[in-house]
Amino acid sequence: MNGQLPTPTRPIAIETVDLWRVYSLGHQEVAALRGVNLQVEQGRFIALKGRSGSGKTTLLNCLGGLDHPTKGDIRIFGESISGWNEGKLTKWRRQQVGFIFQSFGLLPSLSAYENVELILRMGGVKRKERDQRTRACLELVGLGDRMDHRPFELSGGQQQRVAIARSLANDPKVILADEPTGELDSNTAREILTLFQTIVREQHVTMLMVTHDNLVDEYVDQVLRLRDGQLEESLAVEEVSAPVEVALG
Ligand SMILES: Nc1ncnc2c1ncn2[C@@H]1O[C@H](COP(=O)(O)OP(=O)(O)OP(=O)(O)O)[C@@H](O)[C@H]1O
Ligand SMILES: [Mg+2]
């Protein structure tokens, strides 16, 4: 023994095997995904890039069970979800996946608190636990003092934080984010990316984030690229060594 332990490999959280998604439009067929082989280790923060129409959203939707692959397999922590029926997929989505979208997707008539709590209500969580988790998630994203505000009473960055709190409410294993910083100025985007880093490291969540933004490169562990429905070479990014600070407010 030379005193060095072998580097432990992390379990694979997300895996796709020869994943195809072909859309039929009349006589025309569009192959949005053409044999994607993806492996993401647990607790990694991964950026997914690629030109418009390269299949990024399609891949995310398939992974979250919102869309059905035409061919191939999706395995989450080793379990194949491809053969699951709608009921099982819905359960998986509600209990294990957090979604974040570019446009926040908040209900305008509900407060920040109510937007987060609704997800837990849909998941059948009891009232006392709902209240505790809603408050904890909003506090985690720095909105402890904005719980009663409705979306129009919040800035864009604060609205995205509500959406992040909502995605965390069900204590997900996997967060799938589609251009979550697309609507934000670069300072706010950096705050949100720092928050994502903290969440991935502290909550041990695996996060796959679609983005066009080069700003993200310094925050993620790896950048994957889709080109015409296929994965290109992947670039490992150095582990970020800077101390992680969560900017509040
Ligand atoms: N429901 C659908 N029916 C038919 N074709 C679709 C459907 N959804 C996506 N496509 C096609 O699949 C391809 C991939 O679309 P997708 O939305 O995954 O791209 P994207 O990489 O997310 O692009 P963007 O960066 O513009 O969001 C495109 O050619 C698109 O036209
Ligand atoms: Mg898209």
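Just after H1, Gly 65 adopts a positive phi of about 75 degrees. Helices (H or I, at least four residues) and strands (E, at least two) are DSSP runs, numbered from the N terminus.

Residues are numbered from 1 along each chain as its sequence is written, while chains are lettered from A and ligands numbered from 1 in the order in which they are written. Because the model is predicted, local features need pLDDT of at least 70 and side-chain atom pairs count only at pLDDT 80 or more, whereas totals for chains, interfaces and linings use all residues, and side-chain values rest on heavy atoms, with hydrogens and water left out.

The protein contains 6 helices and 11 strands, and 46% of its 249 residues count as buried. Among contacts (heavy atoms within 4.5 Å) between residues at least 6 apart in sequence, 71% join residues at least 24 apart.

Ligand 1 is surrounded by 14 residues, of which the closest are Ser 52, Gly 53, Lys 56, Thr 57 and Thr 58; a residue is taken as near a molecule or strand if one of its heavy atoms lies within 4 Å of it. Strands S1 and S2 and helix H1 (56-63) each supply at least two residues of this shell, and the largest share, 3 residues, comes from H1. By class, the shell divides into 4 nonpolar, 7 polar and 3 charged residues, with Ala, Val, Leu, Ile, Met, Phe, Trp, Tyr, Cys and Pro counted as nonpolar, Asp, Glu, Lys and Arg as charged, and the others, Gly among them, as polar. An oxygen atom of ligand 1 is 3.2 Å from a polar backbone atom of Ser 54, a polar side-chain atom of Thr 57 lies 2.8 Å from an oxygen atom of the ligand, and an N or O atom in the side chain of Thr 58 is 2.6 Å from an oxygen atom of ligand 1. Taken alone, ligand 1 exposes 630 Å², and the protein buries 63% of that area.

An open sheet of 4 strands is arranged in the order S2-S1-S4-S5, with antiparallel pairing, two strands being paired if DSSP finds at least two bridges between them. Strand S2 (28-41) and strand S5 (79-80) stand at the edges, each with a single partner strand, so one side of each is left without a neighbour in the sheet. Within this sheet, S1 (residues 12-25) and S4 (residues 71-76) pair in the antiparallel sense over 5 bridges, and the bridge partner of Thr 16 in S4 is Ile 74.

Elsewhere, Val 223 belongs to strand S9 (residues 222-227) and counts as buried at 3% relative accessibility. Val 223 and Lys 49 are 174 residues apart in sequence, yet their C-alpha atoms are 7.1 Å apart in space. Arg 130, found in helix H4 (residues 127-140), counts as buried at 10% relative accessibility. Leaving aside neighbours within four places in sequence, Arg 130 is in contact with Glu 117, Leu 120, Arg 121 and Val 125.

Methods:
Buried < 20%, exposed > 50% of the residue type's maximum accessible area, 1.4 Å probe, protein only. Polar contact = N/O pair within 3.5 Å; in protein donor to acceptor, adjacent residues only side chain to side chain. Areas by Shrake-Rupley, 256 points an atom, 1.4 Å probe, with all protein chains shown as cover.
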